[in-house]
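Me: I have a model open and want to learn how to read it. Can you take me through a few features?

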Amino acid sequence: MYKVAITNIQAAFREIKHFSPDDWDGDYRIAAREAIKRILEDRMKRYRDAYLDEIRLQDIDDRCNGYYPRHLLTELGDIGLSVPRTRTFSAINILNLFARRTVNVERMILLCFVLGLSTRKVGEALLPILGEVISPQTVSRIAKQLDEAVISYHKRPLSDRYKALIIDGVVMKQKTGAGSQNRIILVALGIRDDNRKEVIDFCQAQGESQAAWEGFLNNLYNRGLKGENLKLIITDGGKGLQAALPLVYGQVPVQRCWAHKMRNILNYVKRADQKAVKADLHKIIYAKDIIKAQKAAKRFVEKWKELYQEAVSCLSRDIVELLTFFRVNLDLKPSELRTTNTIERRFREVRRRTRPMGVFSDRTSVERIMFAVFIYENKKEKVATLFPLTHNN
């Protein structure tokens, strides 16, 4: 039988690392938790007593005031602790100090949450690792540590490094007293000088009105994204955003998304003719230069104006902004400039990861998961983030 004298919490965790997860079955796991519990509670009592001794010398009136429960989740499972306190003082700082050693467990829980598992399923997924069920309530409490990181993310200063912005919104469902309602998330993605894509920020809104978009864009501007290096802004063509952009980034050329525009045009076309109309639109989109694109657009108008006047009007009124990508030189593939597909891919990831969660319970839960997924996507893009998913957020 393996025996070792453990006199402090550091030694306890060093010994834990010597064992593989399979070694911590049955009595070993229970005994280890008990040892850590005794060490921590003893340290907290001595911390409280030292405080009382110090204030007595200062002639300050205070006295012991019992204990209150706290839980520390470790690689060995959940450890229930009694934290000693006085009328004005708590020894919780000792627990907070050593709680940082549980980062691996909390990181696993957060990553499970980010990867789309429900709070119930997170506990099931970690059962083989921790040796006991982690309750949905525990998972929810740990997930709340994202809140401060989310607030910091929304308030952080922004650089003006981006040469292009892609701006769009995604719809999420949120529970309310009147049932589930759609919630719009406004999102800005920046393309940096090194061509890496970064989700810069997002915000919740009631809709995609001009006022909502103007508020979001002004927030980006006031935090440092002045747009002095911007050469292009790509949008889906929503009226609210189109009205807000000139008020904040009026000096930046706008590219309308061809994917959205094509869908709008085909809505006016009979199914039998959609293939031919789409082929003619492709001649505009994939032209080698702007002159050939303009000629292809003119041919489209002449060919279809009698049969589909509304489809032709839908194209003609935005043709200048649909061809903006020909006029800028950003060292990017045309496919990255003529649509909002780059940000739409992030939205698909959000939907995929949040599908198991169903409807979000409140505004805070929406914020957490959007933040977590976007930070995860930024990390995949190798874009440095100040907000890693760790206990030290």
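Me: In which loop does Asp59 lie?

Reply: First, the ground rules. This is a predicted model, where local features need pLDDT of at least 70, side-chain atom pairs count only at pLDDT 80 or more, and totals for chains, interfaces and linings use all residues. Residues are numbered from 1 along each chain as its sequence is written, and side-chain values use heavy atoms, with hydrogens and water left out. Helices (H or I, at least four residues) and strands (E, at least two) are DSSP runs, numbered from the N terminus. Asp59 sits in the loop between helix H2 (26-57) and strand S1 (64-74).

Me: What is the phi of Asp59?

Reply: Positive, about 60 degrees, although Asp59 is not a glycine.

Me: Is Asp59 buried or exposed?

Reply: Buried means under 20% relative accessible area, exposed over 50%, partly exposed in between (1.4 Å probe, protein chains only). Asp59 is exposed, at 71%.

Me: Where does Asp331 lie?

Reply: In the loop between helix H14 (319-322) and helix H15 (341-354). Phi of Asp331 is positive too, near 55 degrees. Asp331 is exposed, with a relative accessible area of 62%.

Me: How many residues does the largest nonpolar core have?

Reply: A nonpolar core is a set of buried Ala, Val, Leu, Ile, Met, Phe, Trp, Tyr and Cys residues joined through side-chain atoms within 4.5 Å. The largest has 54 residues; Trp258 and Phe300 are among those with the most contacts inside it. Helix H16 (residues 363-380) gives the largest share of this core, seven residues. Apart from it lies another core of 24 residues, including Trp213 and Phe216.
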